[in-house]
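Me: I'd like a close look at one part of this protein. Could you walk me through it in a friendly way?

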Amino acid sequence: MTTTTHAPVRRLRGPSGNADGISFRPWQNLDSGGGWRSLWVQQALEAEGEITPHVLQGPAHADVAIVGGGFTGLWTALRLRELDPSLKIAIVEADLCGTGASGRNGGAVSHWWGKLPTLTKLLGDEDGVALVRASSAAIDGIIDFIEAEGIDCVLPRTLGLWSATSDVQVGAWERVLATAERLELQVPYRRMREAELREIFPRGPFRAALSDDSVRRVQPAALARGLRRVALARGIEVYERSPVVRVESLLNGVRVETEQGEISAAKVVLAANAWMAHLKPFRPSIMVVSSDVVATEQVSPELIAATGLDRVGGFNSRMMVNYFAASRGRIFVGGGGGTLATLGKIGREFSYSPSKAAEIASDMRYLFPALGDTRIEHAWAGPIDRSPNGLPWFDTYPGDPRIHYGIGYAGHGVGATALAGKIIAAQLLGIDDEFADYGRMFLRTRTGAFPREPARTIGGRLVRQAVRRKEMAENAGHTPRKLDVRLAKLAPATLADSKSSRAPKPAA
Ligand SMILES: Cc1cc2nc3c(=O)[nH]c(=O)nc-3n(C[C@H](O)[C@H](O)[C@H](O)COP(=O)(O)OP(=O)(O)OC[C@H]3O[C@@H](n4cnc5c(N)ncnc54)[C@H](O)[C@@H]3O)c2cc1C
């Protein structure tokens, strides 16, 4: 691939009106406003010591410029380097690499077995199963890479748990198991016996569960910062604190303009996740919702053992799914379906929301009564790029086939982004390998759209409140109100094809 020259402004006209460029919202610098970093980012940055971000200033050139330095951007850059060592690759990150969703998440490196019914329905049995298998293989690939590069981020192995924490959640996984049985597939799940579950959780609301020994767990910000270190060592330029303002299609290349500089590139990858949901092509099928997390103070190994989280980590089958684990001497619980972004705007509450943190803190004490009055020391949030069926897709931007993107992981991207890197790299370099096949399959999974604004936000808030009331009633063993049950059915798909998570109807 040849490097383009930084020249003349002859714009390409595309069907999406891309002639005016892709304009990003002004970057909101939370640090300067007393903003919040996740505990994981704080730990990872402290371990690095002094941080000296390389800010993009003035003009630069690259064969490929990648907007966003989270897992998608970093894995894509590393895969491109692997496939073509001669490429000049630049990552342009608004903040520090790994401070987006990639450094704030639950750290579960998992697969799409939980989406088996949806995938086989949308793609047919053969392709649906191929994608599920590819997602499992991605877990091993990630762990092998981490070990080979000496990235200190893998947490001690525990059993993954897909659990029911109220009576109505019991059996949420039956559709998945029935589909696997029909297809005679060996699943990574095992039904836990009641005695086994009681032994792990002598107290608390765990009613039933599947265990999963294929899931791995990482300190996610340490992984992201480790990927950045490897990228730098492999000659990839990494610009940080360099928010991209505009991406403009020119006849002889694509210009990526930041606050203080610009890159002329032959090709561009948009990997800004929820922060690009406001762009016109993504608006109909990406809804941004926060996921909120709380973590305890440092606790004793005995207390962790009393919660059961020395042996398991996982999630329950609520629509506003709770996920939980122990990490380096603390216990954390997260909850999905928090704040809804109006018009895709990622405000402060996507870094920290006191009201959502309070909800998750009460979920934590409900799930793990052994914690007693253990202090909650950290709370943060992050944005989730939710697609209608909970699946991502990878494509070129309307109007310019030189601009690629990946979006729509729906809170399930720690493992999926490594696969995404391979898919996007294959698409960008025009390599027709198995990953290009997976890319085509993901495109075939695209279904439906969310309602337009303002109905989306108004309706979304109503549905969220109804889901919360319904699930609180279920936790308390009460019958939820009929209206709440009906409204809750409109909630979009969650992590897995559980009976309590339903895909939305396509918008009229
Ligand atoms: C609280 C939470 C819990 C989660 N738990 C899990 C889990 O346990 N397991 C799992 O598989 N998935 C989980 N996820 C989802 C997972 O974290 C994401 O799917 C994944 O990190 C997406 O990676 P990404 O690189 O696409 O996005 P991000 O990591 O968000 O990266 C996008 C980057 O783009 C940058 N950016 C934005 N705008 C600009 C701009 N204008 N210019 C330059 N850069 C820009 C951002 O700063 C950011 O660093 C969770 C997500 C959250 C928020």
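Which residues point one way from strand 13, which point the other way, and are they buried or exposed?

Reply: Happy to. A quick note on the source: this is a predicted model, in which local features need pLDDT of at least 70, side-chain atom pairs count only at pLDDT 80 or more, and totals for chains, interfaces and linings use all residues. Residues are numbered from 1 along each chain as its sequence is written, and side-chain values use heavy atoms, with hydrogens and water left out.

Now to your strand. Met 287, Val 289, Ser 291, Val 293 and Ala 295 point one way from strand 13, while Val 288, Ser 290, Asp 292, Val 294 and Thr 296 point the other way, and all are buried. Buried here means under 20% relative accessible area, with exposed being over 50% and partly exposed in between, using a 1.4 Å probe and protein chains only. Because 10 of the 10 residues of strand 13 are buried, the strand is largely enclosed by the rest of the structure. Strands, like helices, are DSSP runs numbered from the N terminus (E, at least two residues, for strands; H or I, at least four, for helices).

What surrounds the strand? In it, 8 strands form an open sheet with mixed pairing, in the order 6-7-5-14-15-16-13-17. Two strands count as paired if DSSP finds at least two bridges between them. Strand 6 (189-191) and strand 17 (376-386) are the edge strands, each pairing on one side only. From one strand to the next, the twist averages 25 degrees.

Val 293 has Trp 380 of strand 17 as its bridge partner, and for Ser 290 the partner in strand 17 is Pro 383. Strand 13 is also antiparallel to strand 16, here with 4 bridges. Across that pairing, Ala 295 stands opposite Phe 332 in strand 16.

Helix 1 (residues 39-48) lies across strand 13, strand 15 (322-327), strand 16 (330-335) and strand 17, and runs at about 105 degrees to strand 17. Contact means heavy atoms within 4.5 Å. Axes are lines fitted to C-alpha atoms, for helices over the stretch in contact, and angles run from 0 to 180 degrees between N-to-C directions.
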